[in-house]
Each structure stands twice: as C-alpha cells, then as structure tokens.
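Hi,

Here is the structure I promised to pass on. Have a look at it first, and my notes on what turned up follow below.

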Amino acid sequence: MAGLNPSQLQKFQEDGFLVLEGFLSADECVAMQQRIGEIVAKMDVPLHCRTEFSTQEEEQIRAQGSTDYFLSSGDKIRFFFEKGVFDKKGNFLVPPEKSVNKIGHALHAYDPVFRSITHSPKVQQPHLGGEVTPHQDATFLYTEPLGRVLGIWLALEDATLENGCLWFIPGSHTSGVSRRMVRAPAGSASGISFLGSEPDRDNSLFVPTPVRRGALVLIHGEVVHKSEQNLSARSRQAYTFHLMDTSGTVWSPENWLQPTAELPFPPLYT
Ligand code: FE2
C-alpha cells in the first residue's frame, strides 16, 4: 500500500476513518467473490454449529459464547449466519448461499486467493453483507495501549445506502472503549462476558459512507461504526481484516481471539 498523503492522514486522524477509492481492481474483487462462491458451495456446517452472527451483547453471549464453534474459530474457516435463516431444528429457510453473514477467521491463512490479497494480516473477518450494530472494533480486539488496531474494509461490490454501506460517527475514536468482550474464566456457563456497556448512540451522528467496488476503508480501532441490514436484492460483499502495530503493544490476553501455536499472528513485514 502506498502511504497516505498528509491531507489523507489528517482526515483519518480527525474522523477515525478514511475512504480510498479504487484500491482494488475489478479483477481482484471478482477473484475473491468467485472464491467465496466456491467456499460457500462446499460449506458443510453441523446442525449444532449453525450460529447467527451478532454484535449485540445478549445474542453474543447466547449464540457465540455458548458454543466453542465461535471461540475456537480464530485459526479456522467457519461460517456465521444471518438472523432468521434457520428453522427451530437448524434447517435452512433460505438458500444456503444467501444465509451467510460472515466467514471467519482464518481465510487469510488457508485460502490462497485471500492470502495473496491480504498479504499476511493479523486478524480478518470477511463479511458477506449483514447487519452490524454500532460498535468499536476495540470491543473485540483490544490492545494496550489503545489505538494500535487498524481495520481494513475492502468493498468487493458497490456498498450503498440500500445494501448496507458502513456508517461512522466521525471523531468518535478519541473517547476510549466503552465495552470489552472478554473470555470468561474457565468453568463459566458462557465462554465470554462483557466489561462495561455499549451506550445508546445518537443515530443522527452517524454519517453514511457509500463506496464503489474496489474501495478500501481504513477504520480506527476505536471509531464507532455500524452497517444496516441489507434488505435490498443486491448483495454487498466485503473483505475485512485487522492489523495491529506490534511495536510496544500488548495483545490483551482477555481477547476472545488468541494466536495459536498452529497459527500465530503473521507479521506483515518480515
Ligand atoms: Fe467493525
């Protein structure tokens, strides 16, 4: 990635996010979309692992913390689903390829197409276009000191007001972290718990950020952002991952996602 120019850097520092249009070519977007199509076509998820993806606290504890499908997904390629896509028995109510909210969390390590695009990121979470409620990434990926995590969000298709583009509260990255998701002590009923709480956000402060296919959105780890549910007929695929500045930084041992012996966080520069 070429460096940011001074005005881009200033904008990122003021707003906590920055859009760089035209970062990927159309061919690169198509290659990732085709690969996702192949991966989803081969998806085989056991009934008890049909976990709906959520950033909402109660749902997270229930759906993600109660199963190790999520907690042990850091070094695997696993599927997380939209709400309402299963019946009570876990059977699909919609075509399986329309059911996926997110595939995580180790495409960058095991899939050659994503590995080459991401060039060894630390953590990544490809979204296929589902709703993501207001949050700060640092709730889930906490470093000490704060401010050392950068989200990279790549639009594989146009992201619009209709199909679930990102929304940000500009400047909200300077107020610390209101809520942290941490691994619960061994023996707890749930695998995760929360410290602090997500305040009610003033919806009028959110600014929509529609972008074209191929755009890169830089996301500060503490900026408040969301995306609305995609109720349109057009998908909004994105590939997103996180980078951590490792210099003088501690990756919180309480984070749900931990490097493993099999898959340590890969360095971006070697
Ligand atoms: Fe996020």
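This is a predicted model: local features need pLDDT of at least 70, side-chain atom pairs count only at pLDDT 80 or more; totals for chains, interfaces and linings use all residues.

Now the overall build. The protein chain has six helices and 15 strands. It runs to 270 residues, of which 51% count as buried. If you take the contacts between residues at least 6 apart in sequence, 78% of them join residues at least 24 apart.

On to the inside. The largest nonpolar core holds 42 residues, and F79 and F81 are the ones with the most contacts inside it. Helix α2 (residues 26–41) gives this core its largest share, five residues. Another core, of 13 residues, lies apart from it, with W153, A215, V217 and A238 among its members.

Which residues hold the iron ion? The protein donors are H135 and H225, each through NE2, plus D137 through OD, and they lie 2.1 to 2.2 Å from the iron ion. Along the chain, the donors follow the spacing H-x1-D-x87-H. H135 sits in strand β5 (residues 132–135) and H225 in strand β13 (residues 225–227), so this pair ties together parts that are 90 residues apart in sequence. Are these two histidines buried or exposed? H135 has 7% relative accessibility, which is under the 20% cut-off, so H135 counts as buried. H225 is buried as well, with a relative accessible area of 4%.

Q237 is found in the loop between β13 and β14 (238–244), and with a relative accessible area of 15% Q237 is buried. The side chain of Q237 makes a polar contact of 3.2 Å with the side chain of Q33.

Then the charged pairs. A search of the whole structure turns up eight salt bridges, and these are some I'd click on:

- K11 and D15: their side chains meet in a salt bridge at 2.6 Å, N to O. Both residues lie in helix α1 (residues 6–15), four residues apart, about one turn of the helix. K11 is partly exposed at 45% relative accessible area, whereas D15 is buried at 13%.
- D75 and K76: the closest N and O atoms of this salt bridge are 2.9 Å apart. D75 counts as buried, at 11% relative accessibility, while K76 is partly exposed, with a relative accessible area of 31%.
- E254 and R180: in this salt bridge the closest N and O atoms are 2.9 Å apart. E254 lies in the segment after β15 (250–251) and R180 in strand β9 (residues 179–183), so the pair ties together parts that are 74 residues apart in sequence. E254 is partly exposed, with a relative accessible area of 35%, but R180 counts as buried at 13% relative accessibility.
- R35, E38 and D111: salt bridges that share partners join these residues into one network.

That's what I have for now.

Cheers

Terms used
Residues are numbered from 1 along each chain as its sequence is written. Side-chain values use heavy atoms; hydrogens and water are left out. Donors are N, O and S atoms within 2.8 Å of the metal (3.2 Å for Na, K and Ca); water is not among the atoms, so sites may look incomplete. Helices (H or I, at least four residues) and strands (E, at least two) are DSSP runs, numbered from the N terminus. Buried means under 20% relative accessible area, exposed over 50%, partly exposed in between (1.4 Å probe, protein chains only). Contact means heavy atoms within 4.5 Å. A nonpolar core is a set of buried Ala, Val, Leu, Ile, Met, Phe, Trp, Tyr and Cys residues joined through side-chain atoms within 4.5 Å. A polar contact is a pair of N or O atoms within 3.5 Å; within protein, one must be able to donate a hydrogen and the other to accept it, and residues adjacent in sequence count only if both atoms are side-chain atoms. A salt bridge is a side-chain nitrogen of Lys or Arg within 4 Å of a carboxyl oxygen of Asp or Glu.
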